[in-house]
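Morning, everyone. Please have the structure open.

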Amino acid sequence: MTPSRTAYHVAMDTTIAIELPGDPDGASDALKRAFGWFDHVEGVCSRFDPASELSRLCARPGEAVQVSELLFSALRFAQYVAAASGGAFDPTVGATLAGAGFNRNFRTGELVSAAPSAEASFRDIVLTPKNNTVRLLRSLQLDLGAVAKGLAIDLAAQELSAFPDFAINAGGDLFVRGQAASGEPWRLGVRDPRDFDALAETFELDGLALCTSGDYERRDAATGVHHLFDARTGNVARRCASASVIAPTAMAADALATAAFALGPGVGIDFLESEGVEGLIITPGGERFVTAGLQEYMG
């Protein structure tokens, strides 16, 4: 077994761990740059920070606002997943989440107010790629929570691309490359959504991301409601306990897992297969639904 360096950083309301087997030269600088992306993406995409670029965009409905390449890319992908899922996933769900109790800055505890139109949808976001402008057709509270962390993982992975082996774990959303310090493939476990001491499945991955959306991850303390909604109805999605996706990028795995959770087990699996990714959906009763190619990655 080779030596290994693991470093930690707190951002995006979670702990990020990066492991570098072999403790290679240049690791310290690369880790600093990789962790820096989590802070930067949070500063751009947070709906809880009134100073974030996303919040400043939401404060200017009706205007054509030129935004950063990072924010434009996140919005464009979120809008793509929204359209592909028929609106089950929707980045305009921020007001619904705020109304359900998910309306406090995790660092400061400050309440975030939001009162946009109840009729809002992803179709109210007009993107112009030529000059990276965004126009919100009405007052919107955008939420990029299902896109931003995956994007940060992908950007961190780019900073580590000079190293043959590494693993990034951002609160259970993962990207791995190469081998673990043991010399064996990276083995990644998916938590059983009803028995936290057990694993529902284990996968062996290389150069791929694994992200899970679960009804156990975040709940409002007052109501017990979890944070995963079907944006088509504005109601909590209840037909899944967890949805896990394996994809080439963490941004895709993160957003597609959220969309599949909202769609429900049967339709969700069909959706994942249509997007060319693999996934596992577990219902509250423990029934498992898998994509046709998932077996290839089971360890």
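Predicted model: local features only at pLDDT ≥ 70, side-chain atom pairs only at ≥ 80, totals over all residues.

Start with helix α3, residues 69-84, and helix α5, residues 145-159. Their axes come within 10 Å and cross at roughly 125°. By that convention, α3 and α5 are therefore oblique to each other. The crossing of α3 past α5 is right-handed. Which residues make the contact? On α3 they are L70, A74 and A78, and on α5 they are V147, L151 and L155. Sorted by class, that contact has 6 nonpolar residues, no polar and no charged ones.

Now the sheet. It is open, with 8 strands in the order β1-β2-β6-β7-β10-β13-β14-β15, and the pairing is antiparallel. The edges are β1, residues 4-11, and β15, residues 288-290; each has a single partner strand, so one side of each is left without a neighbour in the sheet. On average, neighbouring strands are turned by 10° against each other, direction ignored.

I246 has E278 of β14 as its bridge partner.

Two helices pack on this sheet. Helix α6, residues 250-263, touches β7, β10, β13 and β14, and its direction makes about 30° with that of β10. Helix α7, residues 265-274, touches β13, β14 and β15, and its direction makes about 170° with that of β14.

That is what I have.

Notes:
Residues numbered from 1 in each chain as written. Heavy atoms only, no water. Axes fitted to C-alpha atoms, helices over the stretch in contact; angles between N-to-C directions. Helix = DSSP H or I, 4+ residues; strand = E, 2+ residues; numbered from the N terminus. Parallel < 35°, antiparallel > 145°, perpendicular 65-115°, else oblique. Left-handed = near helix turned anticlockwise from the far one by under 90°. Contact = heavy atoms within 4.5 Å. Nonpolar A, V, L, I, M, F, W, Y, C, P; charged D, E, K, R; others polar. Pairing = 2+ DSSP bridges.
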